[in-house]
Amino acid sequence: MHRNPSSPADFPSAGAPRPHVLTAHPMLYLLVRAHPPAAAEGKCEVMCESIAAGSLAGRDAMVVYLSPLEADIDAAWNARGGGHYQVLAAQDFLPDELLRQHRDSLPYCLHIGWGARDGRLVVRRDGGLVRVSAAALAWVSADVEAVRLVVEPFQLESRSRLWEGAGLYAHAEVEAKALACTEPELRRHAQRAIVRLPGTVAAPPGINQLALYDLESAHWHFVPLSLAQQILSQQED
């Protein structure tokens, strides 16, 4: 089935045959939703993003998050337009239909932050927030059940440096606090993040900042795009 850019992809629900499973370390999260008539068929959707650049440009990729709070923020924003997504751990995702769509590989995008311009978050024409992410490809084998979603050590280091670039030096402790939150607590924090948005601007024009939300201060913080690009372009030694 052809899918438009940024459209979700279907996957079978629990109880369906499951020749493959997703594995990730550290734990990753994604957004899914069920709605009629898919819900009646035991199916739901996973949030996907069209890859804009690089060797995977033009492919729809599953969006994955290191932070359940960041996933909940995207879910809360999409709920404003009627998209009722919920956060799911990657290992609980049933990827069979998605794998059939992509055959021998599974593209995915690791969420890094949100695009902003002059202190306001950028909103796409379709109403979604602009996500800044790193594209990757997981290889699928008929002989191996596990499909590994990899977060490289240098990506974790880059993530820490991005938060430091926003003046947030205790990010590891704050992220641990988010991981300890219950689902209702995360939803409340996400709703607060939406309320605390410093404003939005329609795209185009493009972005000149990376926006990050800090649970501890309940405020949005911004990193110049040039600094974010410099940090993210650095590779593992």
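Start at G167, which follows helix 3 and has a positive phi, near 85°. Helices (H or I, at least four residues) and strands (E, at least two) are DSSP runs, numbered from the N terminus. This is a predicted model, in which local features need pLDDT of at least 70, side-chain atom pairs count only at pLDDT 80 or more, and totals for chains, interfaces and linings use all residues. Residues are numbered from 1 along each chain as its sequence is written, and side-chain values use heavy atoms, with hydrogens and water left out.

Next, select helix 3, residues 153-165.

Within helix 3, show F154, S158, R159, L162 and W163, which are buried (under 20% relative accessible area, 1.4 Å probe, protein chains only; exposed is over 50%, partly exposed in between). The elements they pack against include helix 1 (68-79) and strand 8 (105-117), by contact of heavy atoms within 4.5 Å.

Stay on R159, whose side chain meets that of E175 in a salt bridge (2.5 Å, N to O). A salt bridge is a side-chain nitrogen of Lys or Arg within 4 Å of a carboxyl oxygen of Asp or Glu. This pair joins helix 3 to helix 4, 16 residues apart. R159 counts as buried because its relative accessibility is 8%.

Finally, select E49, which forms a salt bridge with R124, the closest N and O atoms being 2.8 Å apart. E49 also pairs with R131 at 2.5 Å, N to O.

Definitions and conventions
The expected span of a helix is 1.5 Å times one less than its number of residues.
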